[in-house]
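Thanks, everyone, for making the time this morning. I would like to walk you through one model, moving from a single helix residue to the core and then to a few loop positions.

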Amino acid sequence: FQYEYEDAISTIGTAIGSHNRDGTYLDYRQIIVMQLETIKQHGDLQRARDDSSFQPLYQVATDFTWHSNYGYRAEIAKPDCYLDLAELLVAWGLDDVEYRDPETDHSPLSAAVTRGKHPGITTYIRWLLDHGADLRTAAPPEVNPLRIAQQKGLEEIHRLLLSYMRES
């Protein structure tokens, strides 16, 4: 097998998105760990940490499959899966909760709030807040987590965000 950094990163992205959706969460987690170990073995772990196009915490917010998704049999994104995957990524130094997508200006937090009706996402939102995600209260409405929650009628998430705003 010939190692290519871009292939390893792409495989991690596919595993996060669970695009084939026919395995268990642990199967996808194992794929991610194997790819991270391969990246490390080839001396590219710091490259992955510095790679602005590789933002797995953001990808969890935008792509992580929710359980029983689209009729596939895999139960992927239960709340504990979100937390486990986030902690795994942090353990590997892939912990940029303040990343901003260059095309949309969404952060992991605003992207997660946008997906507020997905099971498990509230747990991930809480985790992001616990790890220092900025509420971006001065941001435009389309990337302001509080405004997104309010506009989408996500009352539980809106209350959660407000509680973190009061704490800071």
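Predicted model: local features only at pLDDT ≥ 70, side-chain atom pairs only at ≥ 80, totals over all residues.

T38 touches F1 and Y3, where touching, or contact, means heavy atoms within 4.5 Å and residues up to four places away in sequence are not counted. T38 itself sits in helix α2, residues 25–41, and helices here are DSSP runs of H or I with at least four residues, numbered from the N terminus. With a relative accessible area of 13%, T38 is buried; buried means under 20% relative accessible area, exposed means over 50%, and partly exposed lies in between, using a 1.4 Å probe and protein chains only.

Residues are numbered from 1 along each chain as its sequence is written, and side-chain values use heavy atoms, with hydrogens and water left out.

Let me turn to the core. A nonpolar core is a set of buried Ala, Val, Leu, Ile, Met, Phe, Trp, Tyr and Cys residues joined through side-chain atoms within 4.5 Å, and the largest one here has 51 residues, of which L85, L109, V113, Y124, I125 and L161 touch the most other members. If we follow V113 and leave aside its neighbours within four places in sequence, its contacts are I125, P145, I148, A149, K152, L154, I157 and L161.

How is helix α7 placed relative to the rest of the structure? Eight of the ten residues of α7, which spans 121–130, are buried, so this helix is largely enclosed by the rest of the structure. The buried residues of α7 pack against α4 (56–63), α5, α6 and α9 (155–167), and just after α7, G132 takes a positive phi of about 95°.

Finally, the loops. Between α5 (79–91) and α6 (108–114) lies H106, which is buried at a relative accessible area of 15% and which, leaving aside neighbours within four places in sequence, contacts residues including Y58, Y99, R100, D101 and R136. D105 lies in the loop between α5 and α6 as well, and has a positive phi near 70° although it is not a glycine; at 31% relative accessibility, D105 counts as partly exposed. R136, in the loop between α7 and α8 (145–151), is another non-glycine residue with a positive phi, near 50°, and at 9% relative accessibility R136 counts as buried.

Notes: Helix = DSSP H or I, 4+ residues; strand = E, 2+ residues; numbered from the N terminus.
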